[in-house]
Amino acid sequence: MKHDIQVTINGTSHQLAVPANRTLLELLRDDLRLTGTNKGCEAGDCGACTVLLDGDPVPSCLVLAVQADGCDVLTIEGLASGNRLHPIQQAFVDTGAVQCGYCTPGMILVSLALLRKNPHPDEAEIRGALSGNLCRCTGYQKIVQAVQAAAKEMP
Amino acid sequence: MNSYRVLNSRVARVDAVEKVVGKAVYTDDMVVSGMLYGAILHSPVAHARILSIDTSLAKALPGVKAVLTHADTGHVKFGVSPARYDETIFCEDKVRYVGDEVAAVAATDPGTAMKALDLIKVVYEPLPILLDGLRAMEPGAPKVHERFHRNICQEVHWHFGDVDAARAQADFVRTDSLSSKMQDGAFLEPQSALAQYDHNGYLTLYSSTQTTHYVHRTLAMVLDIPLHKVRVVKPYVGGGFGPKAACSSMELITALLAMKTGRPVKITFDREQVFLHSRARHQFFHKMTTGIRRDGTISFLEHHCIMDGGAYSSFGIASVYYAGSLLGGPYRLANMKYDGYRVFTNKPVSGAQRGHGAVIARALFEVQLDRLAEEIGMDPLELRLKNVMETGDTTCNELDMSSLGMRECLEAVRERTGWNSRRTKGSSHKADGHGMGVAAGFFVSGAGYPIYRSRTHHCTVEIKVAEVGGGVTVRSGAAEIGQGSDTMLAMITAEVLGIPMEDVKVLSGDSDLSVDLGAYSSRTTLMTGHATRQAAMDARKQILEVLAEKTGIPLDALDIRDGFVHVQGSQMDFASIRKEYLGEHRGFPTQPHGDLLTFAEASRLAFLERGSIIGKGSYRPPPLGGSFKGAAVGTSPAFGCSAQVAELNVDMETGQIHMERITGAHDCGFAINRTQVEAQMQGAMSMGLGEALMEEVKYDDQGRILNANLAEYKIPTAMDMPPLESIIVESHEPNGPFGAKEVGEGAIMPTIPAVLNALYDATGAMVTELPLTPERVLRAIKKARGETSRGDGDTREQV
């Protein structure tokens, strides 16, 4: 049995019929082909599938698609304006915070949620905000620096 | 300062924008028309004979297109080294670990594939289980493989110099041991593969591999397809670190399912399967005896090692050599004895991981140097400086240090941390919980030989100049896995050709493009960098030759810089060239203008005169190594080296370690991209810190992993990592392109011992078993204080 939901994804409203057990991650990746949201563990441990649900970062593997009914979802594909990168994306490029890139979309979205709530975080606050997102490549140093740089650029 | 325009800069990675906007395609992102979903049935038991497999119910399930077992295969054995091919696609007579592959299905959707697995009935006859690597060689231990006596996969016995004579001359001798736990690669992207088999018998496999070349060969061999009909493509890869550096059963199963069904098939591991497949760092049991003279000269090292390899050989035959050979430097050591054993157990298979085979050996040796320095009353950093090798030195096992900035690295971390004024304790321990520790290490910059015996070029590169003019495409089999190799290829090409980076397109990671052995042994910058430089010089020469012929200007007076042709000493009359170009491009809004000929015009002219312009490059190391058995392992055209200082605080009541800072200096020869060199150093420190403090794959008494997930298998988070300082040292390696050599693996070498030495400095405690959990640290603190605590007797003796 499928459930009808209305969900706004990256500013576009979608009317969808989804099975009760479909996760938001599956909805994004498999149904809408928004593959920038990466699947790392399907258990909410790694943060690679982080999206913003009504502005708050959530692991989309632990959210059922039906729970997103009536919500606003932002994925990494919805962040840049055309060819113009969001300041956080630009900061990740400029500081070298990207290596394999698998954690990058989640890292950028939790950084966005942080900077919206706390435009001038100190280093400990940044590290705390990133702590649910694992990265095996960077040691986090350049990611922290990217968030610091973005904080200066963001309006 | 140098005169490079692109190299040695901090230019952004060529893949960065695709990755920050979510457009980078990883293997599991791919969906093709008619694609089936594969799934693998793994053994639930650690050691058992397979009595029967009944697939009839699974085959009858609607939506199931194929069910395969060993009966459907050609029974060809494979592995990493041809000397130890001991794996088959599916288990045939028995299973050897929880996770061994027994059967597989392909179905129209993932749910049906999982249901079909449940319908496969396998009857097992249990066999005695061997889980303890230290018991593997004992008489009566269960036998994992019939053909391997005493469960020994590989043993190494080396003696360089004269250890007994040196022992007699040494003033201080001490013996210590250190063991570790099996680590997991914990890359964020689980392995995935997608296979397509066409009507002409061509197989294409998209795979999250580090080594398209070895996957290509193994697919052709095991599936008996002509080599030229197999193509392996590596989309973006979400980290590898070693465990993705060999062909896996999963890749073979995906290909076989596609061949049997005639439809594309994709298999993606879940996180538990990543742990089961493993191929990550071995568990090591090291025991070392080291002697020094009163003046601090290292006299000898006697080293005994047992490595638990799990159920199959994988890289283990090389790992056990690396564990010994990479102690030959970076200190002058004339006398070294090594006895290493890599043994089988009924556990998931260990293989290569960042710092292949050498990390825990390095840790114990560096700890011993600190303790010996204390015994003779010398600063441990001074002791290292006293013994450090210099450029031009050769180790006792015949490794040639063609460049070695080890001294510069040690001096750099000494200065940056204020070591001399801040580390004042020496032998009088205040045990106040704050400590600093130093360590050093080195690593190969590309394995000297391929994994199979061959004279093959280790890599080839083609640079095709766009026939329309204006840009070039680099075609390479090199594997970008996050380390930045595509950017390195683009930077070298832009530098040599004298054109902007944005006019260089990189195609890589495809076995149809070129031969490249792949991303392992820290080889890509040195080897593929060489080939790229050569190919770019070739392309540049061809373009300038045409220009010299057409204008009458001598070849050596022509140069290309910033996308324009420059002429030394005279003006070039290129009016006719420009006129022809403009004539070809009537209606184009952007036209070349100004008083310099553009690269677009020059490269278009070259095509018009000569047809396609393709620059070719290749690299193969010169013959390397001594004549003793196993001398090939550890050889390299160059060696990178690293020093680090770790600073930490220990809660003396709980044993909890809080890292304050790690300061590292690495000699990469020459930094092609300074930002990426730092990034590699920082990533290495975090993997080393994880292994030092928290990472441990745990098993129950039936060989089942207890923590096959990223919640209970801990890797460092942003809150665990301290600030990292990374200092680049450049020794200008004569065998490297532009003087460059490795950074990816050498930078992990000092991290674990720097932490261990800092812990001792902070507490006076020596821990002999990693990781440094609060429990182990607290016990060691109490032992150092002369207190006993309940359970102390439980800690087993190593080796």
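Which residues does Val105(B) touch, not counting residues up to four places away in sequence? I began my notebook with that. I found Gly38(B), Ala39(B), Ala58(B), Val64(B), Ala66(B), Val67(B), Ala113(B), Ala116(B) and Leu117(B) on the list. I note here that I am reading a predicted model.

**Entry 1: the core**

I asked next where Val105(B) belongs. Val105(B) is part of the largest nonpolar core, which has 312 residues. Val105(B) is also among the residues with the most contacts inside that core. Helix 9 of chain B does, with 10 residues. That helix covers residues 359–376. I wrote a general reminder beside this: in soluble globular proteins, nonpolar side chains tend to be buried together.

**Entry 2: domains of chain B**

I looked up the domain assignment of chain B. It gives domain 1 as 27–127 + 188–239 + 244–277. Domain 2 is 283–388 + 397–449 + 626–794. Domain 3 is 457–619. I checked the first two against each other. The C-alpha centres of domain 1 of chain B and domain 2 of chain B lie 36 Å apart. Their contact takes 20 residues from domain 1 of chain B and 21 residues from domain 2 of chain B. I sorted the domain 1 side by class and got 9 nonpolar, 4 polar and 7 charged residues.

**Entry 3: a three-stranded sheet in chain B**

I followed an open sheet of 3 strands in chain B. Its order is 4-2-6, and the pairing is antiparallel. Which strands stand at the edges? They are strand 4 (94–95) and strand 6 (121–126) of chain B, and each pairs on one side only. I then traced strand 2 of chain B, residues 48–54. It is joined to strand 6 of chain B by 6 bridges. One opposite pair I marked is Ala48(B) and Pro126(B).

Is strand 24 of chain B mostly covered or mostly uncovered? It is mostly covered, with 8 of its 11 residues buried. This strand runs over residues 657–667. I looked at its partners. Strand 23 of chain B (residues 639–650) runs antiparallel to strand 24 of chain B, and 10 bridges join the two. Glu647(B) stands opposite Arg661(B) in strand 24 of chain B. Strands 23 and 24 of chain B form a hairpin with 6 residues between them. In the turn I picked out Gly655(B), which has a positive phi of about 80°. Strand 25 of chain B (residues 724–729) runs parallel to strand 24 of chain B, with 6 bridges between them. There the bridge partner of Ile662(B) is Leu724(B).

**Entry 4: the sheet of chain A**

I moved to chain A and found an open sheet of 5 strands. The order is 2-1-5-3-4, with mixed pairing. Why is one side of strand 2 and of strand 4 of chain A left without a neighbour in the sheet? Strand 2 (12–19) and strand 4 (56–59) of chain A stand at the edges, each with a single partner strand, so one side of each has no neighbour there. Neighbouring strands of this sheet are turned by 40° against each other on average, direction ignored.

I then checked strand 3 of chain A, residues 50–53. It runs antiparallel to strand 4 of chain A, joined by 4 bridges. Thr50(A) has Pro59(A) as its bridge partner in strand 4 of chain A. Helix 3 of chain A (residues 104–117) lies across strand 3, strand 4 and strand 5 (72–74) of chain A. That helix runs at about 30° to strand 3 of chain A.

**Entry 5: domains of chain A**

The domain assignment of chain A gives domain 1 (2–78) and domain 2 (87–153). Their C-alpha centres lie 21 Å apart. The contact takes 16 residues from domain 1 of chain A and 13 residues from domain 2 of chain A. On the domain 1 side, strand 3 and strand 4 of chain A are the elements that give two or more residues. Strand 3 of chain A gives the largest share, 3 residues. By class, I noted 8 nonpolar, 7 polar and 1 charged residues on that side.

**Entry 6: where the chains meet**

Last, I looked up the contact between the chains. It takes 42 residues from chain B and 42 residues from chain A. Helix 1 (16–20) and helix 17 (674–693) of chain B each give two or more residues to the chain B side. Helix 17 of chain B gives the most, with 7 residues. The chain B side has 22 nonpolar, 11 polar and 9 charged residues.

Notes: Residues are numbered from 1 along each chain as its sequence is written. Chains are lettered from A and ligands numbered from 1 in the order in which they are written. This is a predicted model: local features need pLDDT of at least 70, side-chain atom pairs count only at pLDDT 80 or more; totals for chains, interfaces and linings use all residues. Domain bounds come from an automatic or database domain assignment. Two residues are in contact if their C-beta atoms, placed from the backbone, lie within 7 Å. Ala, Val, Leu, Ile, Met, Phe, Trp, Tyr, Cys and Pro count as nonpolar, Asp, Glu, Lys and Arg as charged, and the others, Gly among them, as polar. Two strands pair if DSSP finds at least two bridges between them. Axes are lines fitted to C-alpha atoms, for helices over the stretch in contact, and angles run from 0 to 180 degrees between N-to-C directions. A nonpolar core is a set of buried Ala, Val, Leu, Ile, Met, Phe, Trp, Tyr and Cys residues joined through C-beta atoms within 7 Å. A residue is buried if 20 or more other C-beta atoms lie within 10 Å of its own, exposed if 12 or fewer, and partly exposed in between; C-beta atoms are placed from the backbone.
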